[in-house]
Amino acid sequence: MHSILTRCAQLAVLGLVTVVTDANCQSATREIAAVNTVLDFRLNWMGDATPFNACSVFTAIGAPVDFPAGIQSPLVRGLDRTTAPCEGRAPGVPGAWAPQVLVDSIAVRSETATVYVTVRKGELSYYEEYSLVNPGPTRWGMREVRTWGALREYPARPPAPASPK
């Protein structure tokens, strides 16, 4: 968030701000605020400490250079890592059940925002949709949470033992 705000301030000082640039700066800040609201709700209201996949958060908020600087300091504990969020990530291994929350997308509008996440716990995965309302320029309030689609994922079967000959 700091780099986004710094870049927006630099453009304003240079007199290069256009309506499009200003909208991009506000949108990025509002997306980060929406993620902070969802992190806060899951950690503090729901009491669910399932870690957020940092790469999915990083990607959803526009890949800021100084990640996780935009995430509020008490909420950073909700990320599964804080440095190099997407480096060294292996693709999901069938049969490996690491619980995590993945931010699928963020849709920010003038007065509302929607954050879609996938929650994986054990062999189940399900989806949550967070509907947010805008009580302030960089704050969001929770309006509604919807949960659906519990899917059972089965681990890969181990190879059959070789028969003795």
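Which hand does the disulfide of Cys-55 and Cys-86 have, and why? Keep that in mind as you set up the viewer. This is a predicted model, in which local features need pLDDT of at least 70, side-chain atom pairs count only at pLDDT 80 or more, and totals for chains, interfaces and linings use all residues. Residues are numbered from 1 along each chain as its sequence is written, and side-chain values use heavy atoms, with hydrogens and water left out.

**Stop 1: the whole chain**

Start with a cartoon view. You will find three helices and four strands, running α-α-α-β-β-β-β from the N terminus. Helices (H or I, at least four residues) and strands (E, at least two) are DSSP runs, numbered from the N terminus. Colour by accessibility next: of the 165 residues, 37% count as buried, where buried means under 20% relative accessible area, exposed over 50%, and partly exposed in between (1.4 Å probe, protein chains only). For contacts (heavy atoms within 4.5 Å), residues 24 or more positions apart account for 55% of those with a separation of 6 or more.

**Stop 2: the disulfide**

Now select Cys-55 and Cys-86, whose sulfur atoms are joined at an S to S distance of 2.0 Å. With a disulfide taken as a pair of cysteine sulfur atoms within 2.5 Å, the count comes to one. Here is the reply to the opening question: the torsion about the S-S bond is about 100 degrees, so the disulfide is right-handed. The pair links distant parts of the chain, 31 residues apart: Cys-55 belongs to helix H3 (residues 54-60), while Cys-86 sits in the loop between H3 and strand E1 (100-108). Cys-55 is buried at 18% relative accessible area, whereas Cys-86 is partly exposed at 30%.

**Stop 3: the sheet**

In what order do the four strands of the open sheet lie? They run E1-E2-E3-E4, with antiparallel pairing. Two strands pair if DSSP finds at least two bridges between them. At the edges are E1 and strand E4 (139-152), each pairing on one side only. Neighbouring strands are turned by 15 degrees against each other on average, direction ignored; the axes are lines fitted to C-alpha atoms, for helices over the stretch in contact, and angles run from 0 to 180 degrees between N-to-C directions. Zoom in on strand E3 (residues 124-136), which pairs with E4 over 10 bridges in the antiparallel sense.

**Stop 4: the nonpolar core**

A nonpolar core is a set of buried Ala, Val, Leu, Ile, Met, Phe, Trp, Tyr and Cys residues joined through side-chain atoms within 4.5 Å. The largest has 29 residues, and Ile-71 and Val-115 have the most contacts inside it. Two or more residues come from each of H2, H3, E1, strand E2 (112-121) and E3, and H2 gives the most, with seven. Select Val-115: beyond its neighbours within four places in sequence, its contacts include Ala-34, Val-38, Val-103, Ile-106, Tyr-130 and Leu-132.

**Stop 5: Thr-50**

Finish in the loop between helix H2 (19-45) and H3, where Thr-50 is found. Is Thr-50 buried or exposed? Thr-50 counts as buried, at 9% relative accessibility. Its side chain makes a polar contact of 2.6 Å with that of Asp-48 and another of 3.4 Å with that of Lys-121. A polar contact is a pair of N or O atoms within 3.5 Å; within protein, one must be able to donate a hydrogen and the other to accept it, and residues adjacent in sequence count only if both atoms are side-chain atoms. Leaving aside neighbours within four places in sequence, Thr-50 also has contacts that include Arg-42, Gly-78, Pro-99 and Arg-120.
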